Amino acid sequence: QVQLVESGGGLVQTGGSLRLACAASGRTASTYAMGWFRQAPGKERGFVATISGSGITTYYADSVKGRFTIFRDNAKKTVYLQMNSLKPEDTAVYYCAARGGPLYYRQSSGADDYDYWGQGTQVTVSS
């Protein structure tokens with residue numbers, strides 16, 4: 001069982017930066033592939049970024065490529081999402097997720113591949 005707790009959300013102006021953190025608990029939490037997803041009001045939850053269990057492979061949604069960076073510190077069992085050049089359209093609740101199943105180590109952009117989810121953290125970008 002893995003528990004995830006996000007932090008780092010808040011209110012920022014357009015062009016600003018935030019760093020989200022997702023702390024995982026559990027014996028093997030550091031080996032899971034992790035993902036960040038977001039959900040804006042009235043919209044479905046969408047993929048943002050994912051990282052493999054080793055931290056070597058990452059993948060981003062086109063809308064955040066070049067602005068967001070996902071990375072992890074396995075010793076701390078924490079995954080981060082560095083968000084730069086923020087835009088109002090980035091406003092959403094951001095969720096981190098850990099992948100389960102036999103391919104637990106492999107990054108994925110599919111929400112259905114993730115078994116464990118955090119409670120979410122609000123990010124608001126003002127124009």
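Arg38, Arg67 and Asp90 are linked in a network of salt bridges, a salt bridge being a side-chain nitrogen of Lys or Arg within 4 Å of a carboxyl oxygen of Asp or Glu. This is a predicted model, where local features need pLDDT of at least 70 and side-chain atom pairs count only at pLDDT 80 or more, while totals for chains, interfaces and linings use all residues. Residues are numbered from 1 along each chain as its sequence is written, and side-chain values use heavy atoms, with hydrogens and water left out.

**Exercise 1.** Find how many salt bridges the whole structure holds, and describe the one between Arg38 and Asp90.

*Solution.* 
- Step 1: A search of the whole structure gives four salt bridges.
- Step 2: Between the side chains of Arg38 and Asp90, the N to O distance is 2.9 Å.
- Step 3: Arg38 sits in strand E4 and Asp90 in the loop between E8 and E9, 52 residues apart. Strands (E, at least two residues) are DSSP runs, numbered from the N terminus.
- Step 4: Both Arg38 and Asp90 are buried. Buried means under 20% relative accessible area, exposed over 50%, partly exposed in between (1.4 Å probe, protein chains only).

**Exercise 2.** Decide whether Lys65 and Asp62 are buried, partly exposed or exposed.

*Solution.* 
- Step 1: Lys65 and Asp62 form a salt bridge, with their closest N and O atoms 3.1 Å apart.
- Step 2: Lys65 has a relative accessible area of 47%, so Lys65 is partly exposed.
- Step 3: Asp62 has 66% relative accessibility, so Asp62 is exposed.

Technical notes. Helix = DSSP H or I, 4+ residues; strand = E, 2+ residues; numbered from the N terminus.
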